[in-house]
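This report is meant for a reader who meets the structure for the first time. Please look over the sequence and the structure shown here before reading on.

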Amino acid sequence: MKENAKNNYTYIVECSDGTFYTGWTNHLSERILAHNEGRGAKYTKSRRPVTLVWSRAFETKEEAMREEWRIKHLSRAGKSDLIHGK
């Protein structure tokens, strides 16, 4: 899950309560740090710490946002399958 030149990422973090949060960013490591400092998203603020469990880089912001939307509509099982490469 190393950052590269594409610089637009869709990501999934697992929260301390076992739930998943999906988002997109153009600075992945900074965004995960923000989540863990309580600045990332309202949802993750009370569910810290979070752990990055999946990410994918895209050429454009629009592609990353489209993938975020698609993942947010998956069931928990669907997200788990994505994370585990199924």
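## An exposed serine and its neighbour

At 62% relative accessibility, Ser 46 counts as exposed, a label used over 50% relative accessible area, whereas buried means under 20% and partly exposed lies in between (1.4 Å probe, protein chains only). Ser 46 sits in the loop between α2 and β3, and its C-alpha atom is separated by 9.5 Å from that of Asp 17, although the two residues are 29 residues apart along the chain.

Arg 47 also has its place in the loop between α2 and β3, and with a relative accessible area of 23% Arg 47 is partly exposed. When residues up to four places away in sequence are not counted, Arg 47 touches Cys 15, Ser 16, Asp 17 and Thr 19, where contact means heavy atoms within 4.5 Å. Between the C-alpha atoms of Arg 47 and Thr 19, which are 28 residues apart along the chain, the separation is 8.6 Å.

## Basis of the model

This is a predicted model, in which local features need pLDDT of at least 70 and side-chain atom pairs count only at pLDDT 80 or more, while totals for chains, interfaces and linings use all residues. Residues are numbered from 1 along each chain as its sequence is written, and side-chain values use heavy atoms, with hydrogens and water left out.

## The chain as a whole

The chain contains 4 helices and 3 strands, and along the sequence these follow the pattern β-β-α-α-β-α-α; helices (H or I, at least four residues) and strands (E, at least two) are DSSP runs, numbered from the N terminus. The radius of gyration of the chain is 12 Å, which agrees with the value near 12 Å that a compact globule of 86 residues would have; this radius is taken over C-alpha atoms, and the globule rule is 2.2 Å times the number of residues to the power 0.38. Taken along the principal axes, the C-alpha atoms fill a box of roughly 30 × 25 × 20 Å.

Of the 86 residues, 40% count as buried. Among the contacts in the chain with a separation of 6 or more, 57% come from residues 24 or more positions apart.

In helix α1 (residues 28-36), the buried residues are Leu 28, Ile 32, Ala 34 and His 35. Seen down the axis of α1, these residues fall within an arc of 155°, so they line one face of the helix; the arc is that of the directions from the helix axis to the C-beta atoms. The cover over the buried residues of α1 includes β1 (8-14), β2 (20-25), α2 (42-45) and β3 (51-58).

In helix α4 (residues 76-83), the buried residues are Gly 78, Lys 79 and Ile 83. Down the axis of α4 they fall within an arc of 140°, so they line one face of the helix. What covers them includes β1, β2, β3 and α3 (61-72).

## Backbone details

Most residues other than glycine have a negative phi, and most peptide bonds are trans. Gly 38, which follows α1, has a positive phi, near 85°, and Gly 85, which follows α4, has a positive phi, near 70°. A cis peptide bond, with omega about -5°, joins Arg 48 and Pro 49, and Pro 49 is found in the loop between α2 and β3.
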